[in-house]
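This is a guided tour for a viewer.

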Amino acid sequence: MRTVNRTAIARWTRPEHVLLVVEVVSPGSETTDRIVKADQYAKAGIQFYWRVEQAATGAPLVYTYILDPATGRYRDSEIFTGVVKLAAPFFVEVDLGRI
């Protein structure tokens, strides 16, 4: 019989409390990270989704998406290399070369 840790469950974040999800694509789980999880996040109503991948050069790439309320799916926003600088969902500036 499996025991459930109710304290751990109580700490899980509900989707309606999440504004942004950042997914880091892992080798071997690209399809899950790029398609399956993005679909799950959209269905949960999470407004902003960023996906971080490694370019062929080894540099990080950040793909940003915004939930389209009419379709319930993410639409492309911007792709970043170098520095991520956005004002929504909040102001953020990240130098990808430093991570």
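Begin by selecting Arg34 and Glu53, whose side chains meet in a salt bridge with N and O 2.9 Å apart. A salt bridge here is a side-chain nitrogen of Lys or Arg within 4 Å of a carboxyl oxygen of Asp or Glu. This pair links distant parts of the chain, with Arg34 in helix H2 and Glu53 in strand E2 (residues 48–54), 19 residues apart. Helices (H or I, at least four residues) and strands (E, at least two) are DSSP runs, numbered from the N terminus.

Before moving on, note that this is a predicted model, in which local features need pLDDT of at least 70 and side-chain atom pairs count only at pLDDT 80 or more, while totals for chains, interfaces and linings use all residues. Residues are numbered from 1 along each chain as its sequence is written, and side-chain values use heavy atoms, with hydrogens and water left out.

Is Glu53 buried or exposed? Glu53 is buried, with a relative accessible area of 11%, whereas Arg34 is partly exposed at 37%. Buried means under 20% relative accessible area, exposed over 50%, and partly exposed in between (1.4 Å probe, protein chains only).

**Other salt bridges**

How many salt bridges does the structure hold? There are eight. Select Lys43 and Asp39 for another of them, with the closest N and O atoms 3.1 Å apart. Both residues lie in helix H2, four residues apart, which is about one turn of the helix. Lys43 is exposed at 68% relative accessible area, and Asp39 is partly exposed at 27%. Then select Glu23, Asp33 and Lys37, which are linked in a network of salt bridges.

**The whole chain**

Zoom out and colour by secondary structure. The chain has two helices and six strands, in the order α-β-α-β-β-β-β-β along the sequence. Of its 99 residues, 26% count as buried.

**The nonpolar cores**

Select Val21, Ala38, Tyr41, Ala42, Ile46, Tyr49, Leu61, Tyr63, Tyr65, Leu67 and Tyr74, the eleven residues of the largest nonpolar core. Such a core is a set of buried Ala, Val, Leu, Ile, Met, Phe, Trp, Tyr and Cys residues joined through side-chain atoms within 4.5 Å. Helix H2 (30–43) and strand E3 (60–68) each supply at least two residues of this core, and E3 gives the most, with four. Apart from this core lies another, of eight residues, including Val62, Phe80, Leu86 and Val92. In soluble globular proteins, nonpolar side chains tend to be buried together.

Return to Leu67 and show its surroundings. Not counting residues up to four places away in sequence, Leu67 touches Ala42, Gly45, Ile46, Gln47, Gly72, Arg73 and Tyr74. Contact means heavy atoms within 4.5 Å.

**The aromatic rings**

A search of the whole structure finds three aromatic pairs. Select Tyr41 and Tyr49: their ring centres are 5.7 Å apart and their planes are at 50°, so the pair is tilted. Rings of Phe, Tyr and Trp (its six-membered ring) pair if their centres lie within 6.5 Å; planes under 30 degrees apart count as stacked, over 60 as edge-to-face and the rest as tilted. Both Tyr41 and Tyr49 are buried.

**Last stop: Val18**

Where is Val18? Val18 is in the loop between helix H1 (6–10) and strand E1 (20–24). Val18 is partly exposed, with a relative accessible area of 24%. Leaving aside neighbours within four places in sequence, Val18 is in contact with Thr13 and Ile46. To finish, draw a distance from Val18 to Ala44: they are 26 residues apart in sequence and 9.4 Å apart in space, C-alpha to C-alpha.
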